[in-house]
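Take a look at the model below. This report walks through how its parts meet.

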Amino acid sequence: MADEVVLLDFWPSMFGMRVRIALAEKGIKYEYKDEDLRNKSPLLLEMNPIHKKIPVLIHNGKPVCESLIIVQYIDEVWKDRCPLLPIDPYQRAHSRFWADFVDKKVIEVLMKISTTKGEEKEAGKMEFFEIFKILEGELGDKPYFGGETFGFVDLSLIPYYSWFYAIETIGELNIEAECPKIVAWAKKCLQKETVAKTLPDQKKVYEYVEQMRKKFGNG
Amino acid sequence: MAHEVVLLDFWPSMFGMRVRVALAEKGIKYEYKEEDLRNKSPLLLKMNPIHKKIPVLIHNGKPVSESLIIVQYIDEVWNDKSPLLPSDPHQRAHARFWADFIEQKVYDTAKKIWATKGEEQEAAKKEFIETFKILEGELGEKPFFGGETFGFVDIALITFYSWFYTYETFGNFSIEAECPKIIAWAKRCMQKESVANSLPDQKKIYEFTVWMKKYFGMD
């Protein structure tokens with residue numbers, strides 16, 4: 001049966017990038033639609049009426065929302081190749097735990113760093129490094145969080161790498177100095193074509209963020 | 001293979017209750033260990049060093065944390081009876097979406113109802129009702145969120161029912177008046193032994209909350 005796959009997305013979104021990487025890993029052809037988040041399309045509002053957010057995967061007309069839910073869906077439907085989650089239930093739970101950790105911790109601390117000043121910002125920066133040091137601990141000496149192969153946790157985290165230049169410049173911090181293992185891991189991921197072709201250029205992301213900050217007065 | 005299953009929990013926790021319901025649904029024997037959250041056990045700190053929170057399921061010595069991740073783990077390991085998630089990938093994604101909606105929307109708002117006063121409390125009540133009306137819409141005419149049978153979304157939500165008397169008393173409002181379908185659904189769930197045996201009495205939860213507010217000087 002021919003699959004019709006559409007992705008409603010927004011190019012700098014790390015959540016959207018997760019889905020793009022998953023689709024690329026599985027070699028799935030799809031139509032990419034970039035949304036203007038200040039003027040959301042009727043299609044987006046129809047397909048995600050609850051949250052009205054991207055990414056939304058529309059598979060044969062039926063929507064799936066929330067990036068990690070979409071990635072698991074993709075893994076379950078296109079299960080004949082490139083497994084993204086482990087087969088063993090315990091390892092699956094372990095992967096879900098760490099993807100959930102990324103979701104719970106990273107965005108919040110990024111918001112803190114980019115929207116606050118002075119002491120609050122310094123506290124945010126410290127928290128950022130704590131979180132990434134915990135992630136370094138989990139990575140250990142493995143090439144990927146998934147072990148020998150790129151998997152669910154790698155996919156959930158690597159999109160943030162495209163934001164590193166923006167974070168370092170706005171946050172006034174040096175991620176490689178504090179978390180060299182994370183940067184080494186990220187560069188290893190970037191050697192994969194699926195990741196390299198999906199992640200936008202770090203400078204482009206920075207320009208976008210600066211534009212937003214000027215507009216919304218966070219600069 | 002003999003299964004050794006231990007649950008680290010705290011009796012009023014709606015997150016812990018989810019795991020209790022799932023274990024009961026599957027008929028799994030386990031050892032329940034009550035934690036004193038003011039004095040966490042070495043076992044809890046060892047089994048969940050990242051978040052240091054309950055519930056934690058310890059299966060043959062290996063820990064699984066985060067209630068919805070634990071429920072999915074239970075469903076995947078004990079997959080011979082009482083499926084908690086649907087087998088169809090789109091329906092699974094749909095179930096995960098609504099469990100995630102409950103995670104995003106219910107707890108923080110509900111907490112504000114008993115923990116705050118004045119305008120903040122009123123705003124929380126309004127949001128709580130809005131959220132539950134959306135859930136009523138999703139339930140529709142189905143007996144359970146899972147359809148004909150009790151499932152993942154029902155488990156994610158029903159445990160909050162044990163706190164309804166607390167919300168209503170502190171918030172001075174009637175959830176049944178605003179969301180009768182939810183109450184009808186909750187009572188239907190409570191007819192299941194696995195649910196009735198896992199949820200504490202609503203008055204006990206209220207007494208606990210009154211004590212907690214005094215203890216933490218939240219009055």
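What follows covers the chain contact, the annotated domains and some salt bridges.

**Ground rules**

This is a predicted model: local features need pLDDT of at least 70, side-chain atom pairs count only at pLDDT 80 or more, and totals for chains, interfaces and linings use all residues. Residues are numbered from 1 along each chain as its sequence is written, chains are lettered from A and ligands numbered from 1 in the order in which they are written, and side-chain values use heavy atoms, with hydrogens and water left out.

**Where the chains meet**

The contact (heavy atoms within 4.5 Å) takes 25 residues from chain A and 25 residues from chain B. The size of an interface is often given as the accessible area lost when the parts come together. Buried area is that loss for two parts, with a 1.4 Å probe, summed over both. Here chain A and chain B bury about 2,200 Å², and 69% of it is on carbon and sulfur atoms.

Five salt bridges cross the interface of chain A and chain B. A salt bridge is a side-chain nitrogen of Lys or Arg within 4 Å of a carboxyl oxygen of Asp or Glu.

On chain A, the elements that give two or more residues to the side touching chain B are strand S4 (62–65), helix H3 (67–77) and helix H4 (89–115). Helices (DSSP runs of H or I, at least four residues) and strands (runs of E, at least two) are numbered from the N terminus. H4(A) gives the most to this side, with 11 residues. By class, the side of chain A that touches chain B has 14 nonpolar, three polar and eight charged residues. Ala, Val, Leu, Ile, Met, Phe, Trp, Tyr, Cys and Pro count as nonpolar, Asp, Glu, Lys and Arg as charged, and the others, Gly among them, as polar.

**Two annotated domains in chain B**

UniProt, in an unreviewed entry, places "domain: GST N-terminal" at residues 3–82 of chain B. That span is 36% helix and 21% strand. The entry for "domain: GST C-terminal", also unreviewed, gives residues 88–216 of chain B. This span is 74% helix and 0% strand. Such annotations may be inferred rather than shown by experiment.

**Salt bridges up close**

Across all chains, the structure holds 32 salt bridges. Four of them are shown here.

| Pair | Closest N to O distance |
|---|---|
| B:Glu76 and A:Arg96 | 3.0 Å |
| B:Lys142 and B:Glu138 | 3.9 Å |

Salt bridges that share partners join A:Glu76, B:Arg92 and B:Arg96 into one network. B:Arg92 lies in helix H4 (residues 89–105) of chain B. Its contacts include A:Glu76 and B:Glu76.

Is B:Arg92 buried or exposed? B:Arg92 counts as buried because its relative accessibility is 14%. Buried means under 20% relative accessible area, exposed over 50%, partly exposed in between (1.4 Å probe, protein chains only). B:Glu76 is buried too, at 17%, and A:Arg96 is buried at 5%. Helix H3 (residues 67–77) of chain B has 10 of its 11 residues buried, so it is largely enclosed by the rest of the structure.

By contrast, A:Glu193 and A:Lys197 are both exposed. They are four residues apart in helix H10 (residues 193–198) of chain A, so about one helical turn separates them. An α-helix has 3.6 residues a turn, so residues three or four places apart point the same way.
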